[in-house]
Amino acid sequence: MWYDADEDRWQSYPQLIFETQPPYSDIAVNKESVWVASASGLLKYDREFKYWRLFTTEDGLLDNQCNQLLLDGDYIWIVTDAGLTQYFWNDPMRS
């Protein structure tokens with residue numbers, strides 16, 4: 001949830017409750033996105049298009065249990081229970 005000061009109301013994404021499970025262990029924010037490490041994988045909120053996406057082992061993570069995040073320019077480093085994953089989030093060829 002977050003408070004939208006322009007509209008003077010709280011906003012939320014209730015569908016995420018069905019896709020992810022707590023605990024949420026870390027958050028990383030840049031101009032384009034909000035990243036959340038969860039027990040179900042890596043959540044990414046796209047600020048421009050206003051939607052959430054869940055990344056899992058099917059997308060290349062070593063493990064769905066994400067513990068810590070580090071933004072590094074066009075990359076994000078994701079610490080999982082099985083090891084470290086580097087993701088090129090700003091790939092211009094990615095749709």
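## Close-up views of a predicted chain

**View 1. The whole chain and its surface.** About 6,400 Å² of accessible surface belongs to the chain, and carbon and sulfur atoms make up 52% of it. Accessible areas here follow the Shrake-Rupley method with a 1.4 Å probe, and for residues only the protein chains shown count as cover. The model is predicted, with local features needing pLDDT of at least 70 and side-chain atom pairs counting only at pLDDT 80 or more, while totals for chains, interfaces and linings use all residues. Residues are numbered from 1 along each chain as its sequence is written, and side-chain values use heavy atoms, with hydrogens and water left out. Of the 95 residues, 33% count as buried (under 20% relative accessible area; exposed is over 50%, and partly exposed lies in between, with a 1.4 Å probe and protein chains only).

**View 2. The order of the elements.** Look for one helix and nine strands; helices (H or I, at least four residues) and strands (E, at least two) are DSSP runs numbered from the N terminus. Starting at the N terminus, the elements follow the pattern β-β-α-β-β-β-β-β-β-β. Among contacts between residues at least 6 apart in sequence, 25% join residues at least 24 apart, where contact means heavy atoms within 4.5 Å.

**View 3. Asp-8 in its loop.** Here we visit the loop between β1 (2–4) and β2 (9–11), where Asp-8 lies. Asp-8 is not a glycine, yet it has a positive phi of about 55°. Asp-8 counts as exposed because its relative accessibility is 57%.

**View 4. The four-stranded sheet.** This open sheet has the order β3-β4-β5-β6, with antiparallel pairing. Its edge strands are β3 (24–29) and β6 (51–55), each of which pairs on one side only. On average, neighbouring strands of this sheet are turned by 20° against each other, direction ignored; axes are lines fitted to C-alpha atoms, for helices over the stretch in contact, and angles run from 0 to 180 degrees between N-to-C directions. Strands count as paired if DSSP finds at least two bridges between them.

**View 5. From β3 to β4.** Antiparallel strands β3 and β4 (residues 33–38) are joined by five bridges.

**View 6. The hairpin of β5 and β6.** Five bridges also pair β5 (residues 41–46) with β6 in the antiparallel sense. Asp-46 has Tyr-51 in β6 as its bridge partner. Four residues sit between the strands of this hairpin, in which Lys-50 takes a positive phi near 55°.
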